[in-house]
Amino acid sequence: MRNRNTRDNYQRDIQQFIAFAGIGSTEQLREVTRPHVLAWRDHLQGQGLANDTIRRKLAALSSLYAYLCDCHAVLHNPVLGVRRPPSMNRDGATPALGDDQALRLLEAPPAGTLKGKRDRAMLAVLLYHGIRREELCKLRVGDIQSRQGVWHLRIEGKREKIRYIPLAIAAQRLITAYLAEAKHGHETDGPLFRPVKNNTTKTLAKPLHKASVWDMVRFYTRQTGIAGTAPHLGVHALRATAATNALEHGADIAKVQEWLGHADISTTRLYDKRGSRPEDIQTFKVRYS
């Protein structure tokens, strides 16, 4: 778990459960059962906490016991099967781009420079495959693999879970153009996307930092004027765009869940806007003519 805020929240959540259950030693963690978790959930609901807060706290406890199970420190995860309150965040906080905005963004980097070719390839990988920026940074040249005659991206997701995503033809062309210019296409164990300059150490044979991906996306969304159209418009918006677009074009939501690497389909549903398209809203049915 790399996000510092998430780690801090999970740590507090687990400490709160330990205090609630009166756990005074690591040995007593083995004595926690499903009724303890149910009692804590009911206690949290009695405090009037938001459903999504309770869901996070239960997720934190489940993550702890999943880790302890993997280490053979406990025999079972007492959180499994405990019903969590429904998420109230039905629409999701991350905006999705429209088709014209996505196309403008894809064409924003200059096509005649190494950096422009790299940035076009990265934007295409994000917009056509819906991967996380951490997953983008982990990609190696050798992660472009042929499976049954179709080129795929080998993606290392959260908790080191591996999934294979068919490579979009548009992205494949841009990656090929980038590698032809960058000259490291033969380095299968090397990072796919690399810095084009490094004024500090001069080392270029290293993966991009996820902050660099954030800066890249923000630069082009501002350059094209897209950044001012919605709050929180960062790298994750490209993931939301890919998922929303796939669903709007008839993709099965269970397949989209697998494609995105979501553990819970409720997370995938946040991107499903098919029932609330702007053109179908009553506002646009009003006519004064």
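A disulfide is a pair of cysteine sulfur atoms within 2.5 Å. By that criterion this predicted model holds zero disulfides. The chain has 11 helices and three strands, where helices (H or I, at least four residues) and strands (E, at least two) are DSSP runs numbered from the N terminus. Residues are numbered from 1 along each chain as its sequence is written, and side-chain values use heavy atoms, with hydrogens and water left out. Because the model is predicted, local features need pLDDT of at least 70 and side-chain atom pairs count only at pLDDT 80 or more, whereas totals for chains, interfaces and linings use all residues.

**Overall architecture**

- From the N terminus on, the order of elements is α-α-α-α-α-α-β-β-β-α-α-α-α-α.
- The C-alpha trace of the chain spans about 65 × 65 × 40 Å along its principal axes.
- Of the 289 residues of the chain, 38% count as buried; buried means under 20% relative accessible area, exposed over 50%, and partly exposed in between, with a 1.4 Å probe and protein chains only.

**Cysteines**

- The cysteine sulfur closest to that of Cys-69 belongs to Cys-71, and the separation of 9.4 Å is too far for a bond.
- Cys-69 is partly exposed, at a relative accessible area of 23%.
- Cys-137, in turn, is buried, with a relative accessible area of 12%.

**Aromatic pairs**

- The structure holds three aromatic pairs; rings of Phe, Tyr and Trp (its six-membered ring) pair if their centres lie within 6.5 Å, and planes under 30 degrees apart count as stacked, over 60 as edge-to-face and the rest as tilted.
- One of these pairs joins Phe-17 and Trp-40, whose ring centres are 5.1 Å apart with the planes at 70°, so the pair is edge-to-face.
- Phe-17 lies in helix 1 (residues 4–21) and Trp-40 in helix 2 (residues 34–46), so this pair ties together parts that are 23 residues apart in sequence.
- Phe-17 is buried at a relative accessible area of 1%, and Trp-40 counts as buried at 2% relative accessibility.
- Tyr-178 and Phe-193 form an aromatic pair that is stacked, at 5.7 Å centre to centre and 25° between the planes.
- Tyr-178 lies in helix 7 (residues 169–182) and Phe-193 in the loop between helix 7 and helix 8 (210–223), so the pair ties together parts that are 15 residues apart in sequence.
- Tyr-178 counts as buried at 1% relative accessibility, and Phe-193 is buried with a relative accessible area of 2%.

**Charge over a ring**

- The charged end of Arg-147 sits over the ring of Tyr-164, 3.8 Å from its centre; the criterion is NZ of Lys or CZ of Arg within 6 Å of the ring centre and within 35 degrees of the ring normal.

**Helix packing**

- Helix 2 and helix 3 (residues 51–70) pack at an angle of about 155°, with their axes 10 Å apart; axes are lines fitted to C-alpha atoms, for helices over the stretch in contact, and angles run from 0 to 180 degrees between N-to-C directions.
- Helix 2 is therefore roughly antiparallel to helix 3, since angles over 145 degrees count as roughly antiparallel, under 35 as roughly parallel, 65 to 115 as roughly perpendicular and the rest as oblique.
- The axes of helix 9 (residues 235–248) and helix 10 (residues 253–260) come within 10 Å and cross at roughly 155°.
- Helix 9 and helix 10 are therefore roughly antiparallel to each other, and helix 9 passes helix 10 in a right-handed crossing.

How values were computed
A crossing is left-handed if the near helix is turned anticlockwise from the far one by less than a right angle, and right-handed if clockwise.
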